[in-house]
Amino acid sequence: AFNAFAEGMISVREFEGAKLIKDLTGKEVATVLDPTMLLDTSEWEKVLEEPEVKPKKKYLLTYILGDVSLERRNFIERVAEKYNLEIVNLLDETQPEFYNTGVGEFLWFFKNAEVIFADSFHAGVFSILYEKPFYILNRAGMKQKHNMNSRFDTLLSAFELQDRFLKEYDIEKVNFDVDYTKAGQILERRREESLNFLRNALNKCGKPDK
């Protein structure tokens, strides 16, 4: 691990993490994409699986790991009502047809949603990969709230999608129109940079000790 650090082969996902390491050690470290973003959707399609039970109509998908306040729940319900959408909550145990999903079904639900509300980093990742309208919510009621916000900040700012962070429960400001042109270009560039870093790191690791 020390040799890897000395060779500059340490990488992190979050800008905050890179800053912390530099503050502690004085060394610059690379900020790279989360591994899930190194694959494009054609690769994820290989494991995508259509669920046996599907929503009866177009749907709003939620994937919320933290606490769901009454205000938050009412807001999501009003959005669904306004746009005539069914609500599919992948983390609601009372909806076993949606709760008991595997990886492939998880991907299907994200790919086919009309809009996504989530407080999950990887929910944001797959929303971007599938170029879906989405909103990231502040994670509530969990100890790692600050760390998660750092991840959200890195993800959204890296792709210039800061407007996808839900700051207030104003239904009039909900916008399903997301222009992914710039984000798609950034993703291609960052994917190549991250893969090049990984290739170089693996090549250095493969060198015999002198």
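Two strands count as paired if DSSP finds at least two bridges between them, and helices (H or I, at least four residues) and strands (E, at least two) are DSSP runs numbered from the N terminus. The views below come from a predicted model, in which local features need pLDDT of at least 70, side-chain atom pairs count only at pLDDT 80 or more, and totals for chains, interfaces and linings use all residues. Residues are numbered from 1 along each chain as its sequence is written, and side-chain values use heavy atoms, with hydrogens and water left out.

**View 1. An open sheet of four strands, ordered β4-β3-β5-β6.** The pairing is parallel. From one strand to the next, the twist averages 20°.

**View 2. Strand β3 beside β4.** Look here for the four bridges that join β3 (residues 59-63) to β4 in parallel. Leu60 has Ile87 of β4 as its bridge partner.

**View 3. Helices on the sheet.** Helix α4 (residues 70-82) lies across β3, β4 and β5 (115-118), at about 160° to β3; axes are lines fitted to C-alpha atoms, for helices over the stretch in contact, and angles run from 0 to 180 degrees between N-to-C directions. Helix α7 (residues 121-129) touches β3, β5 and β6, and makes about 155° with β6.

**View 4. Leu155 in helix α8 (residues 145-158).** Leu155 is buried, at 4% relative accessible area (buried means under 20%, with a 1.4 Å probe and protein chains only). Beyond neighbours within four places in sequence, Leu155 contacts Met37, Phe121, Gly124, Val125 and Ile128 (heavy atoms within 4.5 Å). Gly124 is 31 residues from Leu155 in sequence, yet their C-alpha atoms are 7.8 Å apart.

How values were computed: Buried means under 20% relative accessible area, exposed over 50%, partly exposed in between (1.4 Å probe, protein chains only).
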